[in-house]
Amino acid sequence: MILYPVIGDRTNGGRPLFSIITVLCLVIIYAPGFYLLLASLNPDEQLGLVAPTRYSLTWYATLLEDRRLFNSLEESVVVALATAVLATPIGLAAALAYHSMTRMRGVFLLVILSAMLVPGTIEGLGLSAVLRLVGVSPSWVTVTLGHLLWTLPFTIVVSLIGLSAVRSNTIAAARDLGAGPIRAFVDVTLPLICGSLVSSFVFAFLLSLNEYARAYYLVGRQNTLPLYMFGAMNSGASPTIYAFSGAVLVASFAVVALIFFRAARRQGASQPLTHPAREPGRR
Amino acid sequence: MPDKGGGRWRRGAFFLALPSFVVFIGLGFVPLALVATWSLWSFDPDTYWIKPVWSLASYAALLNSGRAAVLLQTAGLAALTATVCTLLAVPAASLIGLLSGPRRAALLVALFTIPFFTSGLVRAFAWRLVLGREGIINKALIGLGVVDAPVEWLLFSAFAVVLGMVAAHLPLAIVPIALAFARIESSVIRASQDLGAGFWTTFSSIVLPLIMPGVLAGFLFVFVVAIGASMEIQLLGGAGASSIAIMINDVMRVVNFPLAFAIATAVSVVSILVIIVADRALKLSRFFEDRSA
């Protein structure tokens with residue numbers, strides 16, 4: 001997805017106002033997390049900011065002793081890995097199929113959108129009722145099923161975006177040179193979409209790791225991480241939970257930022273190839 | 001991918017799509033359909049489950065004043081959140097789509113998309129530190145001498161809930177508008193400028209109508225997702241704060257299954273209708289066309 005500036009330098013009237021509002025948006029999205037991160041470096045029981053010279057990792061050290069936290073982290077990582085392992089290939093397969101669909105396309109996108117947006121509480125409730133009906137007892141497997149439904153729309157969209165950068169001429173050339181559809185896929189398409197498969201996997205992993213509403217209905221005896229954290233947050237949050245929240249935030253941010261950064265670089269390199277018609281003439 | 005080779009490709013495509021059909025139908029549609037059916041059954045005190053005795057009692061209970069109030073309250077909160085998000089998203093997405101070079105546009109899109117993959121729970125919780133009695137805002141206000149005592153309504157209030165909801169759902173409003181910008185032909189805007197229109201004239205008479213589908217879709221996306229919110233309300237709202245999702249959890253806890261299913265059915269029907277409208281507006285299917293064909 002490449003966005004082009006369509007207003008030149010001549011008319012800039014809205015720039016100051018729009019910039020201020022954009023900065024405001026970024027502040028309300030990022031500032032609280034940043035503040036939490038700084039507060040978690042405060043060694044005192046009392047919350048709030050301290051001088052940078054007093055920063056300490058005291059609370060991060062106490063994290064290592066929290067058994068229940070680690071059990072829930074382990075459960076969440078198992079679920080997130082299983083979810084990502086399933087959602088990535090299924091999403092790619094669906095995206096490949098999408099390009100051969102004709103009338104189904106609209107319906108298919110509507111289904112994807114619905115799975116993405118229907119409240120998680122309802123999806124979780126429904127799924128847990130069905131699993132109860134067929135006699136599956138809740139465990140990490142049931143959470144994984146719920147998270148598969150939650151993450152699949154995202155892996156499909158990421159794969160669709162990745163595939164839209166593969167020009168059909170390239171595939172056609174491979175086919176003309178005698179490659180079968182599978183050979184053309186493995187030798188031409190797959191290397192070109194490798195990056196989006198990695199993004200797809202990581203996004204599915206993170207979405208699952210942070211999911212709360214569905215897991216609430218689907219967990220077995222062992223809580224997942226967000227469920228454990230929610231409990232801790234609501235029962236007189238100790239500074240340990242600030243430290244852990246900070247760690248979760250930093251880790252997720254770093255991974256996604258890395259992916260975006262790499263994707264942008266790759267896209268920058270291939271830009272003239274994918275959009276030859278729109279390049280000349282525009283700044 | 002090219003659509004060549006006729007029937008063989010079609011059959012291949014069917015098998016490729018099959019696993020995702022199984023997921024969407026088996027894990028998504030079937031549970032919803034069952035929930036809708038069971039919402040018309042009755043509670044069975046012998047088995048602590050439901051029995052196939054058809055009844056509309058749950059839907060009548062839905063209209064009971066306390067529950068109806070929560071439904072309306074949640075819808076109102078979702079509408080307010082969606083309105084504020086949209087008002088902020090139009091300028092932000094315009095900065096991306098109109099006034100930034102490709103590099104900065106990509107950076108801003110990344111910055112607005114990243115939060116989606118971080119923990120919503122932690123981000124809602126972080127507001128507690130910012131808005132609390134000992135939080136940075138109250139400390140700053142007292143430090144500056146604006147107030148003498150901590151402002152109480154900052155946290156555990158409707159204000160905190162709306163702020164947390166807006167921060168959580170902004171990206172959802174920005175992305176569809178940014179997509180709508182990507183579809184605008186730059187020649188249209190150049191023509192408007194060549195004819196002497198200034199920024200605001202061009203913006204209001206050319207740009208705004210063209211991005212309107214994205215604006216509408218963004219509003220509806222935020223609305224639907226906000227309808228299902230629970231974390232922000234539980235962490236930032238006052239003691240009695242509720243929402244539809246919290247109400248469903250509470251009703252399930254007292255094992256009134258048919259009622260929980262009735263609420264879930266009503267909400268999913270409304271959600272899906274709203275999603276259909278948003279999808280019609282945005283015409284999402286246009287984004288994944290085979291561009292080089």
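**Backbone, helix packing and chain contact**

Modeller: In this predicted model, Phe156(B) is partly exposed, because 18 other C-beta atoms lie within 10 Å. Phe156(B) sits in the loop between α6 (136-143) and α7 of chain B.

Biologist: What is the phi of Phe156(B)?

Modeller: Phe156(B) lies in the loop between α6 and α7 of chain B. Although Phe156(B) is not a glycine, its phi is positive, at about 55 degrees.

Biologist: Is Val255(B) buried, exposed or partly exposed?

Modeller: Val255(B) belongs to the loop between α11 (244-253) and α12 (257-282) of chain B, and it is not a glycine but has a positive phi of about 45 degrees. A residue counts as buried with 20 or more other C-beta atoms within 10 Å and as exposed with 12 or fewer. Val255(B) has 13 such atoms, so it is partly exposed.

Biologist: Is α1(A) roughly parallel or roughly perpendicular to α3(B)?

Modeller: Helix α1 (residues 15-39) of chain A packs against helix α3 (residues 65-98) of chain B with the axes 8 Å apart and at an angle of about 110 degrees. Angles of 65 to 115 degrees count as roughly perpendicular. Therefore α1(A) is, relative to α3(B), roughly perpendicular.

Biologist: How is α5(B) oriented to α7(B): roughly antiparallel or oblique?

Modeller: Helix α5 (residues 120-131) of chain B and helix α7 (residues 158-182) of chain B have axes 10 Å apart and an angle of about 140 degrees. Only angles over 145 degrees count as roughly antiparallel. The orientation of α5(B) to α7(B) is therefore oblique.

Biologist: What is the handedness of the crossing of α5(B) and α7(B)?

Modeller: In this pair, Trp127(B) and Leu131(B) are among the contact residues of α5(B), and Leu163(B) and Ala167(B) among those of α7(B). The contact residues divide into seven nonpolar, two polar and one charged. The crossing is right-handed.

Biologist: Which helix gives the largest share of the side of chain B that touches chain A?

Modeller: The contact between the chains takes 91 residues from chain A and 96 residues from chain B. On the chain B side, 68 are nonpolar, 20 polar and eight charged. The largest share, 16 residues, comes from helix α1 (residues 7-38) of chain B.

Key:
Residues are numbered from 1 along each chain as its sequence is written. Chains are lettered from A and ligands numbered from 1 in the order in which they are written. This is a predicted model: local features need pLDDT of at least 70, side-chain atom pairs count only at pLDDT 80 or more; totals for chains, interfaces and linings use all residues. Axes are lines fitted to C-alpha atoms, for helices over the stretch in contact, and angles run from 0 to 180 degrees between N-to-C directions. Helices (H or I, at least four residues) and strands (E, at least two) are DSSP runs, numbered from the N terminus. Angles under 35 degrees count as roughly parallel, over 145 as roughly antiparallel, 65 to 115 as roughly perpendicular and the rest as oblique. A crossing is left-handed if the near helix is turned anticlockwise from the far one by less than a right angle, and right-handed if clockwise. Two residues are in contact if their C-beta atoms, placed from the backbone, lie within 7 Å. Ala, Val, Leu, Ile, Met, Phe, Trp, Tyr, Cys and Pro count as nonpolar, Asp, Glu, Lys and Arg as charged, and the others, Gly among them, as polar.
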